[in-house]
Structure formats: C-alpha cells, structure tokens
Amino acid sequence: MAIDKKSNKLPQTAVLKQILRRCSSLGKKQSYDEQGLPLDVPNGHFVVYVGPNRSRYIVPISFLTRPEFQTLLHLAEEEFGFDHDMGLTIPCDEAVFQSLTSMLR
C-alpha cells in the first residue's frame with residue numbers, strides 16, 4: 001500500500017480496505033468463503049464488534065462514508081489502532097451504537 005508522503009498516513013481508501021480485511025468473525029463457529037470472509041456477511045456489509053462484550057454487528061459498507069460513523073472509526077483507531085487481529089472494535093456503548101446506526105439506515 002502506498003503511503004501519502006505529505007502526512008505519513010495511508011490514504012483513506014487504503015485505510016478502509018485495511019478495515020474491511022480485518023473484519024472477521026473472531027473464530028466464531030461459522031463458514032468461510034475461499035477468501036476467508038464469513039459467509040453470513042452479505043456482499044456490501046462488514047462486521048464490527050461493539051461494547052465491552054464485543055457484540056457482533058453486520059453493517060453496510062456505505063456507513064464508512066458517513067461522518068457519524070467515521071467518528072466511531074476515529075475512536076476505534078485511537079483506542080485500539082487498526083494494526084491488530086481482533087476485528088474492528090468500536091469503543092462505545094451498544095445502545096449508542098444501535099441508536100446511531102438506526103439513524104444512518
């Protein structure tokens with residue numbers, strides 16, 4: 001991946017691709033396709049884990065472009081970074097996440 005030399009950060013599209021690659025089912029008993037993606041996640045969606053219990057949610061990729069969801073991604077990056085194998089974890093209360101995502105649909 002190319003690094004933006006001006007800011008020493010990955011371009012936004014590269015970051016989004018990294019996020020999508022890291023979204024996994026964390027070893028839950030599920031079937032995977034040949035690319036290693038969980039079969040229960042429809043095309044155009046990805047998995048996030050929310051709250052202290054790491055509840056699993058399947059959300060549309062279109063959320064990635066919404067400023068409200070990007071705020072959650074920035075919180076996740078600050079708290080956990082994106083360079084780990086834990087899946088994309090959103091550090092907020094489940095009720096807040098559910099309320100926000102219901103408004104984005």
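How many aromatic pairs does the structure hold? The structure holds 4 of them, where rings of Phe, Tyr and Trp (its six-membered ring) pair if their centres lie within 6.5 Å, and planes under 30 degrees apart count as stacked, over 60 as edge-to-face and the rest as tilted. One of these pairs is formed by Tyr 57 and Phe 97, and it is tilted, with 5.0 Å from centre to centre and 55° between the planes. Tyr 57 belongs to strand β2 and Phe 97 to helix α3 (residues 94–104), so this pair ties together parts that are 40 residues apart in sequence. Both Tyr 57 and Phe 97 are buried, a word that stands for under 20% relative accessible area, with exposed meaning over 50% and partly exposed in between (1.4 Å probe, protein chains only). One aromatic cluster is formed by Phe 46, Tyr 57, Phe 63, Phe 69 and Phe 97.

The model is predicted, so local features need pLDDT of at least 70 and side-chain atom pairs count only at pLDDT 80 or more, while totals for chains, interfaces and linings use all residues. Residues are numbered from 1 along each chain as its sequence is written, and side-chain values use heavy atoms, with hydrogens and water left out.

The overall architecture comes next. The protein has 3 helices and 3 strands, taken as DSSP runs (helices H or I, at least four residues; strands E, at least two) and numbered from the N terminus. Along the sequence, these elements follow the pattern α-β-β-α-β-α. Of the 105 residues in the protein, 32% are buried. The accessible surface comes to about 6,800 Å², and carbon and sulfur atoms account for 53% of it; such areas come from the Shrake-Rupley method with a 1.4 Å probe, and for residues only the protein chains shown count as cover. Among contacts (heavy atoms within 4.5 Å) with a separation of 6 or more, 46% involve residues 24 or more positions apart.

The strands form an open sheet of 3 strands in the order β2-β1-β3, with mixed pairing. β2 and β3 (89–90) stand at the edges with a single partner strand each, so one side of each is left without a neighbour in the sheet. Two strands are taken to pair if DSSP finds at least two bridges between them. Strand β1 (residues 45–50) and strand β2 (residues 55–60) run antiparallel and are joined by 6 bridges, whereas β1 and β3 run parallel and are joined by 2 bridges. In general, strands of a sheet pair through backbone hydrogen bonds, either parallel or antiparallel. Val 50 can be followed to both sides: it stands opposite Ser 55 in β2, and its bridge partner in β3 is Ile 90.

The hairpin of β1 and β2 has 4 residues between the strands, and in it Gly 51 takes a positive phi near 80°. Arg 54 lies in the loop between β1 and β2. Its phi is near 50°, a positive value in a residue other than glycine. Arg 54 is partly exposed, at 22% relative accessibility. The charged end of Arg 54 sits over the ring of Tyr 49, 4.9 Å from the ring centre; this requires NZ of Lys or CZ of Arg within 6 Å of the ring centre and within 35 degrees of the ring normal.

Thr 89 touches Tyr 49, Arg 54, Ala 76 and Phe 80, leaving aside residues up to four places away in sequence. Thr 89 is buried, at 5% relative accessibility. Its C-alpha atom is 8.8 Å from that of Leu 73, a residue 16 residues apart from Thr 89 along the chain.

Val 41 sits in the loop between α1 (12–22) and β1, and is buried with a relative accessible area of 15%. Leaving aside residues up to four places away in sequence, Val 41 touches Phe 46, Val 47, Arg 56 and Ile 58. The C-alpha atoms of Val 41 and Ile 58 are separated by 6.7 Å, although the two residues are 17 residues apart along the chain.

Finally, a salt bridge is counted where a side-chain nitrogen of Lys or Arg is within 4 Å of a carboxyl oxygen of Asp or Glu, and the count comes to 1. Glu 68 forms a salt bridge with Arg 66, with 3.8 Å between the closest N and O atoms. Glu 68 is partly exposed at 35% relative accessibility, and Arg 66 is partly exposed with a relative accessible area of 31%.
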